[in-house]
Amino acid sequence: IQKEDGSIFEQEVLPGAQIVVEAGEQVKKDDPITTNPNVGGFGQAEKEVVLQDMNRVYAYCAISFSIFLSQLSFVLKKKQFEKVQLAEGF
C-alpha cells in the first residue's frame, strides 16, 4: 500500500481472507481491504479499550468480599462448635 506521501506500507493478510481491492486502486482510511470481518480497514488504529463498567467491578468486589466473610465466619463457628464438643466429652 502506497501512502499519500509516497512511503510504502505493507499490510499482512491472513490466510482465508479475500482481497477486495485491485492493484493501483485508491483506498481511503478505514475502507475494508479484505473480506475478513476480524481485520479492520486500511489505517485502522488501536484505541483504548474499556473492558468493564466500573459499577460491575465494584459489585464483583463487594460480592467476593461478602462471600469471603461468610466463609470465614462458618469456619470460625465450626471451630468453636468443635471446642464445645471436646469440652462436653461428645
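Accessible areas here come from the Shrake-Rupley method with a 1.4 Å probe, and for residues only the protein chains shown count as cover. By that method the protein chain exposes about 8,700 Å², of which carbon and sulfur atoms supply 57%.

Please keep in mind that this is a predicted model, in which local features need pLDDT of at least 70, side-chain atom pairs count only at pLDDT 80 or more, and totals for chains, interfaces and linings use all residues. Residues are numbered from 1 along each chain as its sequence is written, and side-chain values use heavy atoms, with hydrogens and water left out.

The chain has 1 helix and 0 strands, where helices (H or I, at least four residues) and strands (E, at least two) are DSSP runs numbered from the N terminus. Buried residues, meaning those under 20% relative accessible area, make up 7% of the 90 residues.

Let me turn to Thr-34, which is found in the segment before helix 1. Thr-34 is buried, because its relative accessible area is 9%, and its C-alpha atom is separated by 5.3 Å from that of Val-20, 14 residues apart along the chain.

Definitions and conventions. Buried means under 20% relative accessible area, exposed over 50%, partly exposed in between (1.4 Å probe, protein chains only).
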